[in-house]
Amino acid sequence: MNETPSPLEAFDTLRSDLVSQHSDAKGRLQTLYGTLGNEDVQTYEQKRAVVTRIQRVMQEISHKAKCTRCGLPAILNASLLQFRMYDGGVFHFDHNENGTLVSHDPSITLPELIPIPDPEIYD
Ligand SMILES: [Zn+2]
């Protein structure tokens, strides 16, 4: 039984392959994130290096980080000046709220990272 799939079935197979690759990538991203300790993100430069890499992977798999304050899909970011809490900068979650860009839940230490599908792409 080695029937050649129809072109439509082949599209469906391609899509389900991609979905499973994204799911694997999401798991790997969370595992890698779990290996980071707060000693790895003490300086602003370290925070920046981590969030840049997370953003790139999230973009590749069309996901965003769940805002730990309100649950909306957000970009995990790091900044030095936005919240003057700490010389080493802070992590925060950026997203739109009623058309305005907001930054939620600033933290000095690694926040919880929950990748969720990007609604701008999936809707
Ligand atoms: Zn939020």
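**Figure 1. Residue A74 lies in strand β2.** Helices (H or I, at least four residues) and strands (E, at least two) are DSSP runs, numbered from the N terminus. The model shown is predicted: local features need pLDDT of at least 70, side-chain atom pairs count only at pLDDT 80 or more, and totals for chains, interfaces and linings use all residues. Residues are numbered from 1 along each chain as its sequence is written. A74 counts as buried because it has 24 C-beta neighbours inside 10 Å; a residue is buried if 20 or more other C-beta atoms lie within 10 Å of its own, exposed if 12 or fewer, and partly exposed in between, with C-beta atoms placed from the backbone. Leaving aside residues up to four places away in sequence, A74 touches K64, A65, C67, F93, D94 and H95, a contact being a pair of residues whose C-beta atoms, placed from the backbone, lie within 7 Å. Between the C-alpha atoms of A74 and F93, which are 19 residues apart along the chain, the separation is 5.6 Å.

**Figure 2. Strand β2 pairs with β1 and with β3.** Two strands pair if DSSP finds at least two bridges between them. Strands β1 and β2 run antiparallel and are joined by two bridges, with A65 standing opposite A74 in β2. The hairpin of β1 and β2 has six residues between the strands, and in this hairpin G71 takes a positive phi near 85 degrees. The pairing of β2 with β3 is also antiparallel and extends over five bridges; F93 in β3 is the bridge partner of L76. Five of the seven residues of β2 are buried, so this strand is largely enclosed by the rest of the structure.

**Figure 3. An open sheet is formed by five strands.** The strand order is β4-β3-β2-β1-β5, and the pairing is antiparallel. Strands β4 (100–107) and β5 (115–117) are the edge strands, each pairing on one side only. From one strand to the next, the twist averages 50 degrees; axes are lines fitted to C-alpha atoms, for helices over the stretch in contact, and angles run from 0 to 180 degrees between N-to-C directions. Strand β3 (residues 90–97) pairs with β4 in the antiparallel sense over six bridges, and D94 stands opposite S103 in β4. Helix α2 (residues 44–60) packs on the sheet and touches β1 (63–66), β2 (73–79), β3 and β5. The direction of α2 makes about 155 degrees with that of β2.

**Figure 4. The buried residues of helix α2 line one face of the helix, because they fall within an arc of 65 degrees seen down its axis.** The arc is that of the directions from the helix axis to the C-beta atoms. The buried residues are K47, V51, I54 and M58, and what covers them includes β1, β2, β3 and β5. On the other side of α2, T52, R56 and E60 are exposed. With 17 residues, α2 reaches 24 Å from its first C-alpha to its last, close to the 24 Å expected at 1.5 Å a residue; the expected span of a helix is 1.5 Å times one less than its number of residues. S62, which follows α2, has a positive phi near 55 degrees.

**Figure 5. Helix α1 lies largely in the open, because the number of buried residues among its 29 is zero.** From its first C-alpha to its last, α1 reaches 42 Å, close to the 42 Å expected at 1.5 Å a residue. L18 is placed in this helix, which comprises residues 7–35. L18 is exposed because 12 other C-beta atoms lie within 10 Å. The C-alpha atoms of L18 and G89 are separated by 36 Å, and the two residues are 71 residues apart along the chain.

**Figure 6. The protein chain has three helices and five strands.** From the N terminus on, its elements run α-α-β-β-β-β-β-α. The radius of gyration is 18 Å, well over the 14 Å that the globule rule gives for 123 residues, so the chain is more spread out than a compact globule. This radius is taken over C-alpha atoms, and the globule rule is 2.2 Å times the number of residues to the power 0.38. Taken along the principal axes, the C-alpha atoms fill a box of roughly 65 × 35 × 20 Å. Buried residues make up 17% of the 123 residues in the chain. Of the contacts with a separation of 6 or more, 50% are accounted for by residues 24 or more positions apart.

Notes. Contact = placed C-beta atoms within 7 Å.
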